[in-house]
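Hi,

Here is the structure I promised to pass on.

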Amino acid sequence: MIEATLKELADVEGCSLIVTTGGTGPAPRDVTPEATEAVCDKMMPGFGELMRTESLKVVPTAILSRQTAGIRGHSLIINLPGKPSAIADCLNAVMPAVPYCIDLIGGAFIDTDPAVCKAFRPKK
Ligand SMILES: Nc1ncnc2c1ncn2[C@@H]1O[C@H](COP(=O)(O)OP(=O)(O)OP(=O)(O)O)[C@@H](O)[C@H]1O
Ligand SMILES: Nc1nc2c(c(=O)[nH]1)N[C@H]1C(S)=C(S)[C@@H](COP(=O)(O)O)O[C@H]1N2
């Protein structure tokens, strides 16, 4: 079901950015990273690495999240944990790199409010 939803958002709805919440832990029902890998053409391990690194500054149990990210067509899929504070910690960590990543995969041009998050695009 997660796989079908991710495919629909990417292929039918044409979403440039898809974020999932929850299901990244070790419990039997936590299968979001598996569903993400199953539908992606290419994995982006740096996202999970950075999100866990930042989350570790907040909670030692950050290592329990298997969150990852990947590319399907012109869509970037990012896994976030289910806890609202974890969502904020993780999105704040990776968001500056998201617009440029979406540029590189041919998605929509993403602008951010610099007061909230300053997008980083390397100078051409
Ligand atoms: N919209 C929300 N508002 C407040 N708290 C939330 C919300 N969504 C989830 N939470 C809390 O965040 C925690 C983890 O969220 P959630 O249960 O969705 O993730 P999960 O990975 O599916 O977890 P589990 O497999 O343990 O059920 C839970 O303690 C839940 O109460
Ligand atoms: N920033 C942050 N990351 C976090 C947490 C948190 O409270 N804050 N909780 C951890 C815990 S306790 C778990 S079990 C994993 C997986 O959470 P999920 O199953 O809701 O995705 O995320 C981890 N990452």
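How many residues sit between E3 and E4 in the hairpin they form? There are two, and Gly73 in that turn has a positive phi of about 60 degrees. Before you go further, keep in mind that this is a predicted model.

Let's start with the sheet. It is an open one with four strands in the order E1-E4-E3-E2, and the pairing is mixed. Strand E1 (17-21) and strand E2 (42-43) are at the edges with a single partner strand each, so one side of each has no neighbour in the sheet.

E1 pairs with strand E4 (residues 75-80) in the parallel sense, over five bridges. Ile18 is found opposite Ile77 in E4. Next, E3 and E4 run antiparallel and are joined by four bridges, with Arg72 standing opposite Ser75 in E4. Finally, E2 and E3 pair in the antiparallel sense over two bridges; here Met43 has Gly70 in E3 as its bridge partner.

While you are looking at E3, check which way its residues point. Ala69 and Ile71 go one way, Gly70 and Arg72 go the other, and all are buried.

H3 lies across E2, E3 and E4, and runs at about 30 degrees to E4.

Two spots in the loops are worth a click. Leaving aside neighbours within four places in sequence, its contacts include Asp30, Pro33, Leu64, Gln67 and Asn79. Thr24 and Gln67 are 43 residues apart in sequence, yet 5.4 Å apart in space, C-alpha to C-alpha.

The other spot is Ile63, in the loop between helix H3 (45-56) and strand E3 (69-72). Ile63 has a relative accessible area of 60%, so it is exposed, the cut-off for that being over 50%. Together with Leu56 and Leu64, Ile63 makes a nonpolar surface patch of about 290 Å².

Cheers

Conventions:
Residues numbered from 1 in each chain as written. Chains lettered and ligands numbered in written order. Predicted model: local features only at pLDDT ≥ 70, side-chain atom pairs only at ≥ 80, totals over all residues. Heavy atoms only, no water. Patch = residues over 30% accessible without salt bridge, like charges linked within 9 Å, V, L, I, M, F, W, Y side chains within 5 Å. Areas by Shrake-Rupley, 256 points an atom, 1.4 Å probe, with all protein chains shown as cover. Salt bridge = Lys/Arg side-chain N within 4 Å of Asp/Glu carboxyl O. Buried < 20%, exposed > 50% of the residue type's maximum accessible area, 1.4 Å probe, protein only. Pairing = 2+ DSSP bridges. Contact = heavy atoms within 4.5 Å. Axes fitted to C-alpha atoms, helices over the stretch in contact; angles between N-to-C directions.
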